[in-house]
Amino acid sequence: MRILIAMMKHETNTFSPVETGWQRFVEWGAHLGPAARAAYEGTAMPMGAYIELAKAAGAEIVTPVAAEAMPSGPVSAEAYEKMVGAILDAAPGCDAALLDLHGAMVAETTGDGEGTLLERLRQRCPGLPIAVTLDLHCNLTQRMVDNCTALIGYKTYPHTDMHVVGEQIGRVLMRALKGELDPVMAWGNRPILAQTLRMGTDDEPMRALVALAREIERRPGILAATIFGGFPMADIPEAGISAIVVADGDRAAAQAAVDEILDAAWAQRVEFAYRHEPIDDALARAKALADGPIVLLDHADNCGSGGNQDVMTVLKAVIEVGLEDVAVAAVWDPVAVEELMRTGIGRETTIRLGGRTSMPAIGAQGEPLEITGRVRTLSDGDWIVRGPMYTGVHVHMGPTAVLDTGKVKIVIVSRHHEPWDEGVFTSVGIDPKSTRYLLLKSRIHYRAGFAPIARHTITLDGVGVTTSDNRILTYRNVRRPIYPLDDI
């Protein structure tokens, strides 16, 4: 038996000014051929689970590509074809495919990156059994469902169950290959453009919806059930909440379960809208707190949802209000890093930090922050994730520097990276556990590494293309009417 195992992941923010060529995938860690297997075997990723299952079955394993990039703008045609072409070229002669995808990829040539891949794969190899894992933020499409055998999504946000769902759907396909199961799928969606900040699976309303999906999976004949929160920063018709259920031969049961999940989601639609707070009020609350660490979230500039990671609005406000003992992760500014490396460790300097990227989608220009401090640390930015999300994966932040103002230590990176693991600090000599304030450019993923140590968390509504304020964004392609853009 010959099994194709591949990974192709990108969460596309169509409002983001950050370009997504092949080099962006390389910077996160794109691998071709046997190097793809070497990079992800033994990790807590879906691809790691797939490799374990294939090895246990004694199968020949083919890994044409494993590529992921930090969220950003639409994927270039060249990068998309490089990944898709590698998978298509490896497929002939394979008995099954196990694919680790995202579900919110928008490319220059298609608004449905995963659906187009699956359709082309089925055209190349009709009848090929295909299992797919997708992110909780997947914008599910008919094309995705029509062109695979069994499909599942993560049930956690932060995504700490990637290996679990990969193993679950991989086992479904392996059993189907033996004739032990007959997977059939039903799916649907509802017109809810949920805010990402309202999708944490430890919070309502997602907690109850995930619990319902888990309960459905315990029913006889149900093989997998998923609620997708969707990715609202992708301006495509299919953006929004959806659900899919895989059953053993009983499509009617699958459809009934899908409707049950989606009806429950629709009943809670108001809870999927984020409610804003003036940043001055939020910082006043933060300043009054006595015990730390206190996590401060600069969520509107989160590169994990496609932000520039160089907007200085929130950092400037934190400095102006006089917070002390603050560690910041991370500001993207490769020019500043080069300047600090020329300055050298231990020396004081004044730089213009961040603000290097304009954001035409929201009518904002980059505004650098002039800041003085001492160069505390210089690093290559490489480390391994030890926390519960992306466990075992190598992180490459690129040349990295820490600038210490005396009150604020700022981690400055050359490659975008969302801070979901303590390694973003510990790799450059900062102990987050003993720091009063942790200012993170993140939404929910920070919880994987920092929720266990955070005494308080305060959301700061700054500026950026990952804003949760729908009034700032101009949607042209999403289906209408849709809540909360429309009062339905």
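Contact here means heavy atoms within 4.5 Å. In this predicted model, that cut-off picks out a set of residues joining two helices: Pro46, Gly48, Ala49, Tyr50, Glu52 and Leu53 on the α3 side touch Met162, His163, Gly166, Glu167, Ile169, Gly170, Arg171 and Met174 on the α7 side.

As for geometry, two packed helices are described by the angle between their axes and the distance between the axes. For α3 and α7 (residues 162-177), the angle is about 40° and the axes lie 7 Å apart. The two helices are therefore oblique to each other, and their crossing is right-handed.

Helix α3 itself (residues 46-56) is largely enclosed by the rest of the structure, because 8 of its 11 residues are buried. Among the buried ones are Pro46, Gly48, Ala49, Tyr50 and Leu53, each of which also takes part in the contact with α7. Met47, Ile51 and Ala54 are buried too. Just past the end of α3, glycine 58 adopts a positive phi of about 70°.

Helix α4 (residues 77-90) packs against α5 (residues 113-124) at about 30°, with 10 Å between the axes. That angle makes α4 roughly parallel to α5, and here the crossing is right-handed. From α4, Tyr80, Glu81, Val84, Ile87, Leu88 and Asp89 meet Gly113, Thr116, Leu117, Arg120, Leu121 and Arg124 of α5. The residues of this contact split into 6 nonpolar, 2 polar and 4 charged.

Conventions: Residues are numbered from 1 along each chain as its sequence is written. This is a predicted model: local features need pLDDT of at least 70, side-chain atom pairs count only at pLDDT 80 or more; totals for chains, interfaces and linings use all residues. Side-chain values use heavy atoms; hydrogens and water are left out. Axes are lines fitted to C-alpha atoms, for helices over the stretch in contact, and angles run from 0 to 180 degrees between N-to-C directions. Helices (H or I, at least four residues) and strands (E, at least two) are DSSP runs, numbered from the N terminus. Angles under 35 degrees count as roughly parallel, over 145 as roughly antiparallel, 65 to 115 as roughly perpendicular and the rest as oblique. A crossing is left-handed if the near helix is turned anticlockwise from the far one by less than a right angle, and right-handed if clockwise. Ala, Val, Leu, Ile, Met, Phe, Trp, Tyr, Cys and Pro count as nonpolar, Asp, Glu, Lys and Arg as charged, and the others, Gly among them, as polar. Buried means under 20% relative accessible area, exposed over 50%, partly exposed in between (1.4 Å probe, protein chains only).
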